[in-house]
Amino acid sequence: MVLLVLGLIAFIYFKFFFVFGDGVKSGHLNYAVKKGNIFKTYEGKLIQEGYRSKTAGVIQSYEFEFSVKSKRIYDILSTNSGKLFDLHYKEYHGAVPWRGNTRYIVDSIISMRNE
């Protein structure tokens with residue numbers, strides 16, 4: 001029984017709280033919103049430039065949907081939609097409702113520019 005509980009704790013930790021990866025994404029901020037039925041979280045979408053596609057002759061847009069860690073970062077994003085951002089994020093294996101709707105959590109803004 002103890003091993004089962006420890007195994008469950010380890011699974012939950014690695015699925016929802018272990019930082020799987022981190023990095024930087026760059027692109028134009030499409031939107032930043034606060035939404036949720038029970039847990040109000042900050043969400044956003046970055047449109048990355050790129051023209052590669054698996055199908056020849058088709059242009060594909062790269063979209064990076066993310067959740068935002070703090071209200072301070074959200075306030076900057078929500079007032080600067082359309083600008084070019086470099087965002088630092090952490091990636092988890094799974095999402096938890098109070099942290100956001102995605103596995104990607106933006107924790108800082110590296111740079112912001114008009115173009």
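Which residue in β5 does V68 stand opposite? Select V68 and look across: V106 of β5 stands there. This is a predicted model, where local features need pLDDT of at least 70, side-chain atom pairs count only at pLDDT 80 or more, and totals for chains, interfaces and linings use all residues. Numbering runs from 1 along each chain as its sequence is written, and side-chain values use heavy atoms, with hydrogens and water left out.

Stay on V68. Leaving aside residues up to four places away in sequence, V68 touches Y42, I73, Y74, L77 and V106 (contact: heavy atoms within 4.5 Å).

Next, show the strands (DSSP runs of E, at least two residues; helices are H or I, at least four). β3 and β5 run parallel, joined by two bridges. β2 and β3 run antiparallel, with seven bridges. Pairing takes at least two DSSP bridges. Pick Q48 and find its bridge partner in β3, Y62.

Now select L46, F66, V68, L77, L87 and V106. Of the 14 residues in the largest nonpolar core, these touch the most other members. β1 (19–35), β2 (41–48), β3 (62–68), α2 (71–78) and β4 each supply at least two core residues. Such a core joins buried Ala, Val, Leu, Ile, Met, Phe, Trp, Tyr and Cys residues through side-chain atoms within 4.5 Å; buried means under 20% relative accessible area, exposed over 50%, partly exposed in between (1.4 Å probe, protein chains only).

Finally, go to W98, in the loop between β4 (84–92) and β5 (104–113). W98 counts as exposed because its relative accessibility is 54%.
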